[in-house]
Amino acid sequence: MSEPLQSLALGERPSGRTLLTASWVVGHKDGSHRLLKNGEVVFENGEILFVGHGFPGEVARRVDFGNALISPGLIDLDALSDLDTTILGIDNHPGWAKGRVWPRSYVEAGPYEMYSGEELAFQKRFAFGQLLLNGITTAAPIASLFYREWGETVAEFEAAADAAGELGLRVYLSPAFRSGGMVLEEPGRMVPVFDEERGLQGLKEAVSFIERQTGRHGDLVRGLLAPDRVETSTLALMQRTDAAARDLGCKFRLHMAQGTMEVDTVRKLHGSTAPVWLARAGLLSDRLIAPHATNATQEDLALYAENGVSIVHCPLVSARSGSTLSSFSVCRQLGVNIAMGTDTAPADMLMNLLVGLITCRINDGAPDRVRSADLFDAATLGGARALGRSDLGHLSKGARADIAVFDLDDTVMAPSVDPITTVVTGGSGKITRAVFVDGRLSMRERQVANIDMARARIQAQAQFDGLIAKYPERSWANPPVSEIFPPSYPVEVNANG
């Protein structure tokens with residue numbers, strides 16, 4: 001007899017064997033996903049024991065999700081872990097005038113941390129909760145360094161590791177570091193400034209963090225080195241980062257081939273694109289995970305394919321700024337591994353899959369070179385491949401029990417002939433009914449383990465308002481907030497309160 005989902009304790013791993021069933025299950029066979037009509041998934045102690053029909057053994061409980069899709073948990077390798085500042089640039093241009101890059105006056109006054117340590121720790125918990133609400137079970141956190149004193153701190157990432165363990169999210173992380181930053185010298189003219197020793201110290205601290213933290217919270221926490229951006233990295237920093245990743249047996253993520261400012265800066269510094277520069281130094285390998293590739297040349301993409309570099313495709317945040325990966329299907333044809341990232345709020349991976357499908361078809365000028373399943377593969381198998389994890393991204397015997405359940409009965413969903421096409425083209429993260437990470441129920445019916453997300457959102461808004469109030473001092477000529485971020489329409493205030 002089936003038990004209700006509410007019978008499972010939120011935040012805990014059920015004892016004994018648990019059998020899940022639904023109208024559709026994404027199984028796995030011969031290296032690719034398979035759809036199982038009215039399928040079953042059985043797991044115990046965080047490991048999947050069976051995926052198929054008619055499990056022959058005894059189980060402690062059965063949970064039937066009805067008209068739903070039981071899916072591998074989604075993998076987000078560029079997952080927002082602060083309060084999103086990219087949304088401030090959607091309608092406010094040019095970026096140089098809106099506090100996106102430090103003006104010289106701010107540098108000379110002395111950059112400082114615009115959030116307290118407690119605020120930064122809270123933001124990790126809030127962001128991780130949002131990921132779980134959207135069916136994401138594995139995440140590599142990303143945050144902006146524009147409002148930081150320099151890099152990220154060990155203390156906030158110790159708090160992030162604890163938050164992952166408390167909420168039940170699988171994470172790959174360490175504090176981001178950099179050996180340089182962009183400075184606005186005059187309107188429209190940005191130049192890099194470097195402090196290599198500071199970058200090398202940041203790398204040293206990140207390595208120490210990974211050595212201490214890897215394997216904690218039942219192996220939910222593992223290390224990923226995170227040099228911030230290629231235009232703010234020196235060759236020495238890249239060489240030592242690659243060597244450290246090899247010694248630690250981990251990956252490193254580097255944002256490159258992602259924007260005009262970066263491309264122009266790297267050409268001035270090194271005489272080539274960033275992938276070509278790193279290839280010349282022997283620094284392209286399968287250790288490297290590279291968001292976003294929207295400005296990658298065909299030569300760059302060929303180098304990625306030749307050296308096993310994984311791209312992290314973040315189609316929503318890129319398209320909002322007018323850029324796209326050109327194209328998803330081309331990268332696949334070249335043999336480039338593609339993972340997915342959200343890199344903004346909302347952390348809605350299903351929305352990103354739809355935008356990725358649309359932008360690829362626009363770039364290709366044809367609808368038949370990419371399918372919904374290709375994007376779904378990137379958000380599951382592609383992410384696992386980038387991390388070097390054969391036990392993630394799919395549901396099969398021996399894999400970790402990282403599971404997302406998507407509701408196919410949601411009132412906004414269209415009639416369905418295929419569940420993958422349905423969730424990619426008509427779904428959103430809001431159809432996520434349940435999330436299990438390593439067999440633990442981390443999210444159930446929009447409730448996240450060990451955090452009140454409604455209350456947390458109020459706290460997040462208050463912190464964000466405080467950050468916005470500081471933007472004049474880090475914007476060119478220090479205009480008031482009302483000029484930096486004017487409202488879409490004139491605002492009328494009720495004089496009577």
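A crossing of two helices is left-handed if the near helix is turned anticlockwise from the far one by less than a right angle, and right-handed if clockwise. In this predicted model, the crossing of α2 and α15 is left-handed. Local features need pLDDT of at least 70, side-chain atom pairs count only at pLDDT 80 or more, and totals for chains, interfaces and linings use all residues of the predicted model. Residues are numbered from 1 along each chain as its sequence is written, and side-chain values use heavy atoms, with hydrogens and water left out.

**Helix packing**

- Helix α2 covers residues 117-133 and helix α15 covers residues 453-468; helices (H or I, at least four residues) and strands (E, at least two) are DSSP runs, numbered from the N terminus.
- The two helices α2 and α15 pack at an angle of about 130°, with their axes 10 Å apart. Axes are lines fitted to C-alpha atoms, for helices over the stretch in contact, and angles run from 0 to 180 degrees between N-to-C directions.
- This angle makes α2 oblique to α15, given that angles under 35 degrees count as roughly parallel, over 145 as roughly antiparallel, 65 to 115 as roughly perpendicular and the rest as oblique.
- Contact (heavy atoms within 4.5 Å) is made by residues including Phe122, Phe126 and Leu133 of α2 and Met453, Ala456 and Arg457 of α15.
- By class, the contact of α2 with α15 has six nonpolar, five polar and two charged residues. Here Ala, Val, Leu, Ile, Met, Phe, Trp, Tyr, Cys and Pro count as nonpolar, Asp, Glu, Lys and Arg as charged, and the others, Gly among them, as polar.

**Salt bridges**

- The model has 23 salt bridges, each defined as a side-chain nitrogen of Lys or Arg within 4 Å of a carboxyl oxygen of Asp or Glu.
- Arg13 and Asp438 form a salt bridge (2.7 Å, N to O). Arg13 lies in the segment before β1 (18-21) and Asp438 in the loop between β20 (432-437) and β21 (440-444), 425 residues apart.
- Arg170 and Asp438 also form a salt bridge, at 3.0 Å, N to O. Arg170 lies in strand β11 (residues 170-173), so its pairing with Asp438 ties together parts that are 268 residues apart in sequence.
- A network of salt bridges links Arg13, Arg170, Arg400, Asp402 and Asp438.

**Accessibility of the paired residues**

- Buried means under 20% relative accessible area, exposed over 50%, and partly exposed in between (1.4 Å probe, protein chains only).
- Asp438 is buried at 7% and Arg170 is buried at 2%, whereas Arg13 is partly exposed at 39%.
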